[in-house]
Amino acid sequence: MKTLLIGLLGILFAKNTFAQQNLLSFDEHNKYIYYQVVDMPALPADTLHERGGYFLKTAYSKTVVKWAGGESLKGEGKFLTYGGVSVMRHEKGEVAYELNIECKDQKYRFWLTNFVFTPYQRDRYGNFVPQQGVDIPLETASSRLEKKELDSYLDETGAFCKQWGDKLKSFMLKAPAKKKEEAVKKVVTDKW
């Protein structure tokens, strides 16, 4: 009975670890991409565009929006990857990405692509900082990184993309909160 239980847990764990890598696929330019089309019934394109912009401003405020025109948003951002065991966990590098959000009536699509890994190194003060001049596209990383490291980075990238997409969907479902403008007291200096 113990063997069966341990075997079942092992299979479930292995299925979960391989699931994140399967989230990324290759596009027509042989680059990793995370792509989704989401139906949003009864919402026009301009509302979806507004909510997508609100999402980028609030949830991912460090994302740089490069161009916003028509019903699409483009930007770029980065996230950190971690390594080590629980107490000794530290930054192993950062992955830069490009994002696109396009909106039409009652649906939107988004994709994250152009993942570029920048490894971190320890500086003379003991902090982990990016290595200057070392940028590795994830598509060609197999020649410069070990398979175990690359699998780890692809898993973290897939998990980040899934989390990003889930958060975008939750922002698209609800209307952004509008701030109440406070009445500003004006001081009149010509009357005493």
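Me: Is Val87 buried or exposed?
Reply: Val87 is exposed, with a relative accessible area of 74%. Exposed means over 50% relative accessible area, buried means under 20%, and partly exposed is in between (1.4 Å probe, protein chains only). Keep in mind that this is a predicted model, where local features need pLDDT of at least 70, side-chain atom pairs count only at pLDDT 80 or more, and totals for chains, interfaces and linings use all residues. Residues are numbered from 1 along each chain as its sequence is written, and side-chain values use heavy atoms, with hydrogens and water left out.

Me: Thanks. And where does Val87 sit?
Reply: Val87 is in the loop between strand 4 and strand 5. Helices (H or I, at least four residues) and strands (E, at least two) are DSSP runs, numbered from the N terminus.

Me: Let's zoom out. How many helices and strands are there?
Reply: The protein has three helices and eight strands. Along the sequence, the order is α-β-β-α-β-β-β-β-β-β-α.

Me: And how much of it is buried?
Reply: Of the 192 residues, 33% count as buried.

Me: OK, salt bridges. How many?
Reply: There are four salt bridges in the structure. The cut-off is a side-chain nitrogen of Lys or Arg within 4 Å of a carboxyl oxygen of Asp or Glu. As background, side chains of opposite charge can pair when their charged atoms come close.

Me: What does Lys78 pair with?
Reply: Lys78 forms a salt bridge with Glu94, and the closest N and O atoms are 3.5 Å apart. This pair links distant parts of the chain, with Lys78 in strand 4 (residues 72-83) and Glu94 in strand 5 (residues 90-104), 16 residues apart.

Me: Are those two buried or exposed?
Reply: Lys78 is exposed, with a relative accessible area of 54%, whereas Glu94 is buried at 13%.

Me: How far is Lys78 from Tyr97?
Reply: Lys78 and Tyr97 are 5.9 Å apart in space, C-alpha to C-alpha, and 19 residues apart in sequence.

Me: What about Asp151, which residue does it bridge to?
Reply: Asp151 has a salt bridge with Lys147, where the closest N and O atoms are 3.3 Å apart. The two are separated by about one helical turn because they are four residues apart in helix 3 (residues 147-173). Asp151 is partly exposed at 22%, and Lys147 is exposed at 62%.

Me: And Asp166? What's its partner?
Reply: Asp166 forms a salt bridge with Lys162, with the closest N and O atoms 3.4 Å apart. Both lie in helix 3, four residues apart, about one turn of the helix. Asp166 counts as partly exposed at 44%, and Lys162 is partly exposed at 36%.

Me: Which residues make up the negative patch?
Reply: Asp46, Glu50, Glu71 and Asp105 gather in a surface patch of negative charge. Asp and Glu count as negative and Lys and Arg as positive, while His and the chain ends are not counted. Each charge is placed at NZ of Lys, CZ of Arg, CG of Asp or CD of Glu. Asp46 lies in helix 2 (residues 45-58), and Asp46 is partly exposed at 49%.

Me: Switching to cysteines: how many disulfides?
Reply: A search of the whole structure finds zero disulfides, the cut-off being a pair of cysteine sulfur atoms within 2.5 Å.

Me: Are Cys103 and Cys161 buried or exposed?
Reply: Cys103 has 6% relative accessibility, so Cys103 counts as buried. Cys161 is at 0%, so Cys161 counts as buried too.

Me: Last one: what's the phi of Gln106?
Reply: Gln106 has a positive phi of about 70 degrees although it is not a glycine. Gln106 sits in the loop between strand 5 and strand 6 (107-122) and is partly exposed at 45%. Asn114 also has a positive phi, about 55 degrees, and is not a glycine; Asn114 is found in strand 6.

Technical notes. Patch = residues over 30% accessible without salt bridge, like charges linked within 9 Å, V, L, I, M, F, W, Y side chains within 5 Å. Areas by Shrake-Rupley, 256 points an atom, 1.4 Å probe, with all protein chains shown as cover.
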